[in-house]
Amino acid sequence: MTILNKGDIINRIYSKKELERLVITPLIDDDQIGSGTVDLRLGTSFIMFKSRKIGTIDPPTETPEKIKEYQEEVIYQHGKKFILQPTQFVLGGTLEYLKLPSDLLAYVVGRSSWGRLGLIIETSPIVHPCFMGVLTFELSNLGTAPIALYPGSRSAQISFHKSDDKTYEDCKKKLSQSRYNLTVKPEFSKIYMDKDLKKIQNIYK
Amino acid sequence: MVISPKEHIEDRIYRIQEEIYELLAKEYVTIEPKNFLNSLSYYNNKMKERLMNVEEDNIKSIRRIGRLLQIIHINLDEVDHIKTTNVPLELIHYLNRILINNNAKYSVLYRPGTEFNYSYWNYTNFMRSVGSGLGLEPDQNLSVISYPLCESKNVLLNCILFHEIAHQLNEELNIRSDIEKNIQIRSEDLDKYVDEWISRFSEIRQIVGEREITLDRFFSENEVIKSYLVEELYEILYSWIDEIISDLIAFYYAGPAFLLALAEAAYVNRSEIRFSETHPPLFLRLKAIFRLYSKLEYSRKLKKYRTITKLIAYYKNISRSSYEKIGNIPDKERNIILERTVIKVIPILISAIENKIKLSKTTFIKSHIESAVNSYMNLIPPVELINYDLKSKRIHDPFTILNSAWIVKENYKTKTHSMFGGNKQKARISINQLTCKALESNDFLYRMEEKD
């Protein structure tokens, strides 16, 4: 695995070869691309927990309908601020839509400027090859003061790592393999799709 | 008296105000719902002031106040449906830009409705007419556009919203009112139509006369019958013309995307020849749109996309229909007169629109459309047009985003369906979502560039 530098990232974004191309759209400013990372912006859609309604989140028993009973989506348009209270946890998404070629894997981390205010942005930082869509942020305020989040602001950074494999796959063929592919906003958890959870639950029954 | 109507209405005003406070506390994704609620609150407070000066036994005035409260009440219910997630925000931004570019003074409240219907309502004008008897002047310029609740995120179908904002432009830019003198029903048609009715009434008069029943003035005086019929015809004609003007403006701004959205929605919901006093039949609307379609040379521009060309040819065939060709329908003569008049004035309407509205950046550029189609086919929202040689990019305009989406949806069905393992609905939903994402990003890019 080698990490892509600024020149590599730009070359990938403008690659004429479809299967090698890295898509990050929109890229508002050229300076979003740093020496080895690209800054990602916060999107306008958030998923909030309806705390009053949560009993216990018990993954094997969850269903898409049940999850919507205790999570709800809200939209904050650009220019408005979303106040994240201390200890509050919400899901957000990137403004950018990404498409990774089959030979790149990426890591996402929060920008330290936000981290220093107490904001945690990403807890599952790996983005798999062939991912297509908007990345979901797991946003949490670990500080003691509320933090105002602005959709459109730079919130995280992503680095790209190239595998040594020289073959390229057509990612469209892998479309059905990922549960979070082709998303255009943060997604509700699909933990209920974990096949072995049910097995584990019934292991001694 | 056992009950006090004044106290009853006083309490209703209080409860309406409580409901307004509740709704004002909700979060909305745009400013207009709160502006609208503040306006309803303004009328409610005015009614409270008015009621204080009304005598307890002045039931007529109290009822008049009650009627206005009923209007406020209905509108509160409509606002109650608005959530941050069921507003077609990705399209609204662009629609509002069109209004601003045309110096429109009104703002628009977009609200989901419970009917499968898109509609435009000039709230300010309505309240002006309702409130005039009560000495009330509107507090703001606002119009209301409704769309079907469950279609709020169906951005391809929501291209119909271009037609709804076009009503606003038609009114504010006086497009129809300035050419009204050129919109005339042929006098021989009118005379023939009126004469037929007069002769029918003569027959009725004869029968009634034999039975010694007194007829009211309407049935007994030819001049009154004539003026009623002419007034009624022109009322329908102007409504139809307003709709046609809005269709043409929408087609200018959204191109084939509007034509396809309108035709699909209208065709699914009602017969293409159905008569309505407010809307011309689909075939006539299509006839006007296809006149502009030819003028803007879309046949040539879309030639490459064969399946969509076939679909459009199907709609063109519908547009060839005519009330003259249709057999037994009620009021056939009236319909023929209206149809004939509309067809005659289409060129006048097109030229009036071209003189009044600003049409920059709404053109069909083949290379841009091809690039956007290619993005969709690679499952990428077409936000930017990328030049891979120069390593540069520029923003796609909403016109390109919407038209390429329709092309992908209709022209590349087999390919897109196979990408989703044959799941046709998933393919359609994905195209729709990518379009929403592209439009949202487009607006952000546009505004960021504007602020530089």
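Predicted model: local features only at pLDDT ≥ 70, side-chain atom pairs only at ≥ 80, totals over all residues.
Domain bounds come from an automatic or database domain assignment.

View 1. Three domains make up the division of chain B: domain 1 covers 5-172, domain 2 covers 228-356 and domain 3 covers 366-451. Taken over C-alpha atoms, the centres of domain 1 of chain B and domain 3 of chain B are separated by 35 Å.

**View 2. Contact of domain 1 of chain B with domain 3 of chain B.** Domain 1 of chain B contributes nine residues to this contact, and domain 3 of chain B contributes 11 residues. On the side of domain 1 of chain B that touches domain 3 of chain B, five residues are nonpolar, two are polar and two are charged.

**View 3. Contact between chain A and chain B.** On the side of chain B that touches chain A, at least two residues each come from strand 4 (384-387) and helix 19 (424-451) of chain B. Helix 19 of chain B gives the most to that side, with 11 residues. By class, the side of chain B that touches chain A holds 15 nonpolar, seven polar and six charged residues.

**View 4. Confidence along chain A.** The average pLDDT of chain A is 88, and 96% of the residues score at least 70. Within chain A, confidence is highest in strand 3 (residues 38-41) of chain A, at a mean of 97. Helix 2 (residues 64-70) of chain A has the lowest confidence in chain A, at a mean of 78.

Definitions and conventions. Residues numbered from 1 in each chain as written. Chains lettered and ligands numbered in written order. Contact = placed C-beta atoms within 7 Å. Helix = DSSP H or I, 4+ residues; strand = E, 2+ residues; numbered from the N terminus. Nonpolar A, V, L, I, M, F, W, Y, C, P; charged D, E, K, R; others polar. pLDDT = per-residue confidence, 0-100.
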